[in-house]
Each structure stands twice: as structure tokens, then as C-alpha cells.
Amino acid sequence: MNKPLRRIAIFCGLLVLTLLVRDNWLQYVQADDLKEDEHNRRVAIERYATPRGDIIVDGKAITGHATTEGDFRYKRTYKDGAMWAPVTGYVSQAYGATQLEAIDDGILTGNDDRLFFRNTLDMITGKKREGGNVVTTLNAAAQKAAYDGLKKQGGKGAVVAIEPSTGKILSMASYPSYDPSTIAGGGEADGEAWNRLQKKNNPDDPMLNRALREVYPPGSTFKVLTAAAALEHGLYDSADGKTDSPLPWTMPGTTTELPNEGDLPCEDASLREALRVSCNTVFGKIGADLGNDEMLETAKKFGFTEEQFVPVRSSASVFSDDMNASQTALSAIGQYNTAATPLQMAMVTSAIANNGTLMKPYMVDELQAPNLDTIEKTDPEKMSEPLSADNAQILQDMMETVVEDGTGTNAKIDGVTVGGKTGTAQHGVDNSENPYAWFISYAKGEDGSSPVAVAVVVEDENANRDDISGGGLAAPIARNVMEAVLESKK
């Protein structure tokens with residue numbers, strides 16, 4: 001071969017090698033990036049070419065699908081969408097997906113790697129790909145009781161109910177809410193609905209999942225955690241012995257007296273009496289006596305300071321690690337920097353009701369293939385033991401006194417043992433805005449076990465300030481949720 005031909009052959013060989021390298025780079029190295037590129041319309045067209053699988057509650061689908069015109073053949077629909085939005089999230093042809101719709105998108109679309117062999121078989125037989133199902137732990141009756149209760153109040157708020165023995169989430173409601181069906185498509189009406197839902201256009205922020213993402217000062221509901229810390233760290237060993245609680249009590253390092261809400265019998269009150277009438281002085285002094293480190297240790301065992309994944313992410317609840325004695329006193333009654341999600345306070349109540357064992361909360365029971373075979377099953381998992389069984393039972397006894405003869409009587413259920421704690425949490429600079437109304441509670445079955453623990457928070461800017469209380473606004477909602485769960489267990 002003469003020299004010019006050899007050069008041309010080498011050059012052509014290099015071109016072929018370059019093409020092969022480029023082709024392999026695109027197919028194997030950049031494949032995932034190209035597949036997930038937001039500008040790759042083929043991926044989106046494929047995504048909406050078949051109906052999604054469903055999200056299931058009590059054996060019934062709370063989702064569906066409808067056909068649309070254009071490149072995207074199907075869009076998501078929701079049954080009682082506003083009630084279930086804090087659970088499902090949304091999936092939209094224009095705006096993507098959130099919550100369970102996003103986390104389990106692979107199962108719902110049928111693209112999950114665990115469905116590979118089934119999809120391969122379907123491709124061979126010519127059968128269209130189908131999506132699998134997400135089976136939740138939710139209780140439809142409890143969810144309806146929670147959502148209807150919040151809606152009736154007319155303000156903002158959230159409810160979380162948990163099965164203490166397993167950690168299953170039975171209810172997760174947030175109000176105000178939105179119907180994800182209104183933004184599921186990609187048309188002009190969906191865009192208008194999306195804009196109406198944005199916080200800049202709607203100060204009520206209906207797309208905020210208050211059950212998981214909003215942190216509130218927990219107010220006096222936090223006193224059950226402070227009582228748990230006092231028992232666990234040996235400051236007190238019973239519900240009925242006198243505490244070292246002067247009245248008035250001046251916070252350490254200050255000249256400021258910590259006030260109670262009214263003329264209450266708080267001087268040297270027992271833990272039971274202090275919880276029954278909600279003494280700030282008793283629990284504030286417990287916080288100061290224990291100190292920041294021991295209070296923080298107990299708070300962390302209940303789940304504070306860490307995000308929770310249920311599997312949707314929940315904001316971390318707050319208990320600071322650098323407080324002096326007076327700041328710790330305020331935090332021990334649920335004020336100062338202390339803040340909690342409704343999920344967190346349901347976890348606190350659940351651990352107490354479950355004799356001191358906190359189970360990891362979750363709301364997906366199993367993932368199913370399109371033929372309903374189980375792909376993945378969630379097993380209950382212990383998260384921590386914030387308090388001993390003996391101390392948990394002392395605290396249960398105290399909380400049951402609150403409902404029987406204290407601030408929580410609106411949570412009573414005939415023939416059922418109920419324990420609870422009210423809270424009215426300060427809000428705004430110098431408590432200038434209407435406070436938040438809290439109630440946490442559990443109900444016991446005939447065998448002494450607890451099938452449900454509940455946390456409720458209500459924000460009502462329009463209510464008469466004097467009418468706002470955890471016992472008045474939040475306890476009736478908690479009672480209705482507990483009744484719904486108990487009825488479903490029969």
C-alpha cells in the first residue's frame with residue numbers, strides 16, 4: 001500500500017473508532033442522564049403512555065386515571081383528593097411528582113428494576129406495560145374523621161394517628177388542602193390551578209403538608225416528655241409524691257417568675273396533679289433541675305433533632321443543645337426554641353402508649369406488582385426505648401387522669417380508657433398572635449393495649465383568643481379519630 005492510501009486508511013479507521021467510542025459513551029455512560037433529562041420529551045411521552053398503578057387504602061384505590069388528548073395519553077385522577085393529598089402528593093404532566101407518587105414512581109409506572117423480568121415477558125408477548133400498586137397503612141375512617149374535623153374548625157391544622165405497637169400511620173391529614181387532580185394534566189386550566197395554589201398567591205399555602213413539614217411550638221403537650229425525663233433520670237419516681245416546686249418560682253439567673261395559666265394548685269404539686277392542671281412552674285423547674293443535656297437526651301430518644309422518613313420526609317423537630325437553665329425551663333414547657341411536627345408529637349404519645357417502646361412510623365405496608373404479587377413488605381421496626389415500661393405506665397396513669405378529671409375531658413369515650421394532654425402554645429412576638437391549640441392522646445382496647453395514638457394541632461387566626469384551647473378545639477378531633485379506629489377494629 002502506498003503512503004497516501006495508508007494515511008487515508010488510518011484516518012478512516014480513527015473516524016470509525018471515534019464513532020464507536022462516542023456511540024458507547026452515549027449508550028452506556030450518558031444513558032441515564034439522557035433518560036432523565038427534563039428536555040427529553042420521549043421519556044415523558046412514555047411515562048404517560050399507560051395508566052399508573054394505584055395507591056391503596058383499606059383495599060380500595062384512592063387514585064385512578066383518565067385519558068387526555070395530545071402526546072400524553074393518560075393523566076392521574078384522585079378520589080377525595082384534598083383529603084388524601086398529604087398522603088399521596090401529586091403527579092402532574094407539567095409539574096412532576098411529590099410524596100408517595102414520587103418516591104414509588106417506579107412501581108406505579110411499572111419501570112422499577114424489580115419488575116424487569118415481568119416487563120421483559122410482556123415485551124415478548126406484546127402485552128402493554130402496567131404499573132404496580134402502593135398499599136398504605138392508612139385507615140379511611142380515621143382519615144375522614146381527621147380531615148372533616150379540621151375542615152369544620154375552618155382554620156389551619158394537622159392530624160397524625162399511629163398504631164403504637166407497629167408504627168403504622170393510620171391517619172395523616174392537613175388543612176387547608178388541595179385536589180391533586182386539578183394539576184394532574186398539562187393544560188391551561190392546570191396551570192391556572194397551579195398558580196392559585198402557590199403560597200405567593202395563596203397565603204393559606206394549601207400545598208404545605210402541615211403534618212410532616214410544619215414545626216410548631218408544642219406548648220404544654222411537651223410536658224409529657226418532661227415528665228418522662230424526670231422519671232427516667234430519677235428526679236422523681238412516682239406520680240403522686242410531692243415535687244420540689246415553690247410558688248411563685250423564679251427562673252434561674254433571672255428575676256422573672258414563670259407564670260401559670262391562672263390560680264392553679266401547683267405548689268409542690270405531684271406529677272399527676274401538675275399534669276392534670278398543666279402547671280408551668282412544676283415542669284419548668286423540672287427542666288431547669290435536669291438541665292439541657294438530660295432533657296436533650298430524652299428528647300432525642302423520642303425522635304427530636306432528626307428528620308423522619310415515613311417514607312415521605314418529615315422536618316426535624318427542635319430541642320436546642322446550648323441552653324442555660326432558664327431557657328431549658330421554658331423549653332420544658334414547650335416554648336422558647338422547642339418546636340415539633342404533628343408526626344413527632346404522635347410519636348411521643350405512641351411510645352408512652354406502647355409501654356416505652358417507640359416503633360418507627362411508616363405508611364407504606366407493601367408494594368405490589370401489577371398481578372398483585374408482593375414485591376416488598378414493610379416489617380415493623382423498633383426505633384428506640386425512650387422510657388422504661390414501668391415509667392411509661394406511670395405516665396399513662398397520669399395522662400388518663402388528665403382526660404378523666406383534668407383539661408382533656410372533651411376526649412372522653414364511653415367505655416374506653418383514654419389518656420391525653422392539652423396544649424395551648426404561644427405564637428408570635430410576645431405571644432401577640434392567636435396561640436396554637438394542641439391535643440395528644442391514645443385509646444386503650446379491652447385487653448389494655450393501645451390501637452391508636454393521635455396528635456392534633458389547630459391554628460385559627462379568626463377565633464376569639466379566649467376560646468382557644470387544646471381541650472376545646474383539638475381534643476374533639478382526636479376523640480373522633482380514636483373512635484373511628486376503635487370502630488374499625490370491631
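Let us start with charged partners: this structure holds 22 salt bridges, a salt bridge being a side-chain nitrogen of Lys or Arg within 4 Å of a carboxyl oxygen of Asp or Glu. The model is a predicted one, where local features need pLDDT of at least 70 and side-chain atom pairs count only at pLDDT 80 or more, while totals for chains, interfaces and linings use all residues. Residues are numbered from 1 along each chain as its sequence is written, and side-chain values use heavy atoms, with hydrogens and water left out.

Side chains of opposite charge can pair when their charged atoms come close. Helices here are DSSP runs of H or I with at least four residues, strands are runs of E with at least two, and both are numbered from the N terminus. Asp397 is partly exposed, at a relative accessible area of 35%, whereas Arg272 counts as buried at 17%. For these words, buried means under 20% relative accessible area, exposed over 50%, and partly exposed in between, using a 1.4 Å probe and protein chains only.

Stay with helix 16 and look for Glu400. Its salt-bridge partner is Lys444, and the closest N and O atoms are 3.0 Å apart. Lys444 belongs to strand 17 (residues 433–444) and Glu400 to helix 16, so the pair ties together parts that are 44 residues apart in sequence. Both Lys444 and Glu400 are buried.

Another pair to find is Glu404 with Lys412, whose side chains meet in a salt bridge at 3.8 Å, N to O. Glu404 is exposed, with a relative accessible area of 54%, and Lys412 is partly exposed at 39%. Elsewhere, salt bridges that share partners join Arg52, Asp54, Arg76, Glu101 and Asp105 into one network.

Now for the cysteines. A search of the whole structure finds 1 disulfide, meaning a pair of cysteine sulfur atoms within 2.5 Å. Cys266 and Cys279 form this bond, with their sulfur atoms 2.1 Å apart. The torsion about their S-S bond is about -90 degrees, so the disulfide is left-handed. Both Cys266 and Cys279 are buried, while Cys12 is partly exposed, at a relative accessible area of 39%.
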